[in-house]
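Here's a quick briefing to read with the model open beside you. Have a look at the fold, then work through the points below.

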Amino acid sequence: SDVLAGITVGAVALPPALALGIAAGASAGAGLVTSILAGLIIGGLGGAGYQMSGASGSMSAVLIVLALRFGLDGILMAGLLAGILLVVVGLLGLGRIVNFIPSAVITGFTSGIALIIFIGQIGYLLGVETASNPNALFKLFDYLQFQFVPNPAALLIGLTVIGLMVFWPKSWNMRFPASVLGLIITTIAASLLKLDVPTVGAIPQTILLDERLSLTNLPLEHLSSLIGPAISLAGLCAIESLLCGTVGGRMHGQKLNLNQELIAQGIGNMVIPFFGGIPASAVIARTSVASKSGARTRVTSIVHAGVLLLAALLLAPLLGRVPLAALAGVLAVTAWRINDW
């Protein structure tokens, strides 16, 4: 049952992994590498067998600002620092502090992240390029000026994926995820009809990316400026892990060891930047899918990572042809669902 659940979660996790890598200001390959290593390292060491980790939308708000100010090196270094902070907090047994965060604060945080993710995908859905702006409200205001011509093909692709994910029966989704079906249909259509739409581009067939952190090339000149964002990332990771653990714990009747989970998240985030991945955290959607698919132990997380690894090694040329509008459709629905209505 763990193996079958891992295969299911791997299929469900593939589209968001690609999309969140791009949404964070890195690349689709970086999102894929993040989910592979998080599944292996964090899943193997975490505070509960049902926890599923990977690239997470909760990090996007901080990462996109880091990407604009410091580039990919800033994202990787901040991820490393956040990992160190998480290990320290876990070792000191301070994980329970997260339990005292008011639910209203978490609701506002979740809704704010959802808005930022959605606004960030409008350009991809419309098939247009606008000036980069880390402020979501200013970016939305730029779109509302209508000083662009939408790409009908890109808009149709995005709406197709959104429609499939919204109307695809839940019972069918457990057997074949609507997001994967949407990517397959729109990618084939875009290739056969030779549609002029932006695509993901080249995805390296490896988990050791060219653009990665190295001990001999740490961006120490930005260290003081990255401490604040690193604290934010560590806090987001802790909150996400608590929320995820609460959801998974109710399904399994098993309590999350939060301090162990924070140490695992910290170790994972210390390792991932040296492969070129972005910061990771527990992911509620994947944990929920795993639980509903019959997951019982952390073997599910490891198998899910293996499925993503096979996708990176074998399907990279095909994944590179996926339209960005299709991934934007996936994230638009994801934003709607993660919003704390």
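S35 is buried because its relative accessibility is 0%, where buried means under 20% relative accessible area, exposed means over 50% and partly exposed is anything in between, using a 1.4 Å probe and protein chains only. You'll find S35 in helix α2, residues 28-45; helices here are DSSP runs of H or I with at least four residues, strands are runs of E with at least two, and numbering starts from the N terminus. This is a predicted model, so local features need pLDDT of at least 70 and side-chain atom pairs count only at pLDDT 80 or more, while totals for chains, interfaces and linings use all residues. Residues are numbered from 1 along each chain as its sequence is written, and side-chain values use heavy atoms, with hydrogens and water left out.

**Buried spots and C-alpha distances**

- From S35 to M52 it's 17 residues in sequence and 9.5 Å in space, C-alpha to C-alpha.
- A190 sits in helix α8 and counts as buried because its relative accessibility is 9%.
- A190 and I207 are also 17 residues apart in sequence, but their C-alpha atoms are 27 Å apart.
- L258 belongs to helix α10, residues 258-271, and is buried because its relative accessible area is 11%.

**The loop between α8 and α9**

- I207 is in the loop between α8 (178-192) and α9 (223-252).
- With 24% relative accessibility, I207 counts as partly exposed.
- Go 69 residues along the chain from I207 and you reach G276, with the two C-alpha atoms 8.0 Å apart.
- K194 is in the loop between α8 and α9 too, and it counts as exposed because its relative accessibility is 71%.
- For context, most residues other than glycine have a negative phi.

**Surface patches**

- Patches are built from residues with over 30% relative accessible area and no salt bridge, joining like charges within 9 Å and nonpolar side chains (Val, Leu, Ile, Met, Phe, Trp, Tyr) within 5 Å.
- Accessible areas come from the Shrake-Rupley method with a 1.4 Å probe, and for residues only the protein chains shown count as cover.
- A salt bridge means a side-chain nitrogen of Lys or Arg within 4 Å of a carboxyl oxygen of Asp or Glu.
- I84, V88, V89, L92, L94 and I97 make a nonpolar surface patch of about 480 Å².
- I84 lies in helix α3 and is partly exposed, at 38% relative accessibility.
- A patch of negative charge on the surface brings together D73, D210, E211 and E221.
- Asp and Glu count as negative and Lys and Arg as positive, with His and the chain ends not counted; each charge is placed at NZ of Lys, CZ of Arg, CG of Asp or CD of Glu.
- D73 is in helix α3, residues 60-91, and is partly exposed with a relative accessible area of 38%.

**Aromatic pair**

- Rings of Phe, Tyr and Trp (its six-membered ring) pair if their centres lie within 6.5 Å, with planes under 30 degrees apart called stacked, over 60 edge-to-face and the rest tilted.
- That rule gives one aromatic pair.
- The partners are W168 and W172, edge-to-face at 5.3 Å centre to centre with 75° between the planes.
- W168 is partly exposed at 23% relative accessibility, and W172 is partly exposed at 49%.
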